[in-house]
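Thanks for coming, everyone. Please put the sequence and the model up on the screen, and we'll walk through it.

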Amino acid sequence: MILVEIMFIFIAVNKGKMSLAQIREELHQRIDIADERLLRMVYVMTEAYLEEEEEDAELAQIIARYDHSGPWKQMTEEELMEDLKESIAEADRGEYISIEDLKKEMEEW
């Protein structure tokens with residue numbers, strides 16, 4: 001039953017009908033009365049979220065260390081669109097490698 005209530009909260013949250021303070025209060029109330037199954041689910045979900053946040057932070061640090069000029073520089077929308085158009089034109093001209101050829105190349109690495 002509590003899981004159904006959490007789903008209703010999820011729907012209300014996603015429709016923007018609850019403030020963050022309301023969400024926090026509702027979750028605290030539900031956690032206070034939750035059974036072991038729900039507590040374990042919430043725990044696993046929050047652990048996964050925190051691990052992902054750590055990975056994102058690590059990735060951001062790695063990216064920040066790279067020289068952002070040359071091929072690693074951030075592209076503008078116009079540059080991206082131009083690059084995509086050129087890639088499509090190359091494919092239309094047959095300037096690509098097939099999966100089979102790529103597999104053969106990879107075997108030689």
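Start with Glu26. Is Glu26 buried or exposed, or in between? Its relative accessible area is 24%, so Glu26 is partly exposed. Keep in mind that this is a predicted model.

Now look at the partner. Arg30 forms a salt bridge with Glu26, and their closest N and O atoms are 2.5 Å apart. Arg30 counts as buried, because its relative accessibility is 16% and the cut-off for buried is under 20%. Where do the two sit? Both are in helix α2, residues 20-33. They are 4 residues apart, so about one helical turn separates them.

Next, helix α3. Here Arg40 forms a salt bridge with Glu36, with the closest N and O atoms 2.7 Å apart. Again, the spacing is 4 residues, which means about one helical turn. Both Arg40 and Glu36 are exposed.

On to Glu95. It pairs with Arg93 in a salt bridge, at 2.8 Å between the closest N and O atoms. Salt bridges with shared partners join Glu86, Arg93 and Glu95 into one network. In total, the structure holds 4 salt bridges.

Leu59, Ile62, Ile63 and Tyr66 make a nonpolar surface patch, together about 360 Å² of accessible area. Ile63 lies in helix α3, residues 36-65, and is partly exposed at 43%.

Step back to the whole chain. It has 5 helices and 0 strands. Of its 109 residues, 7% count as buried.

Last, confidence. The mean pLDDT is 85. It is lowest in helix α1, at a mean of 67, and highest in helix α4, at 93.

Notes:
Residues are numbered from 1 along each chain as its sequence is written. This is a predicted model: local features need pLDDT of at least 70, side-chain atom pairs count only at pLDDT 80 or more; totals for chains, interfaces and linings use all residues. Side-chain values use heavy atoms; hydrogens and water are left out. pLDDT is the predictor's confidence in each residue, from 0 to 100. Helices (H or I, at least four residues) and strands (E, at least two) are DSSP runs, numbered from the N terminus. Patches are made of residues with over 30% relative accessible area and no salt bridge: like charges are joined within 9 Å, nonpolar side chains (Val, Leu, Ile, Met, Phe, Trp, Tyr) within 5 Å. Accessible areas come from the Shrake-Rupley method with a 1.4 Å probe; for residues, only the protein chains shown count as cover. A salt bridge is a side-chain nitrogen of Lys or Arg within 4 Å of a carboxyl oxygen of Asp or Glu. Buried means under 20% relative accessible area, exposed over 50%, partly exposed in between (1.4 Å probe, protein chains only).
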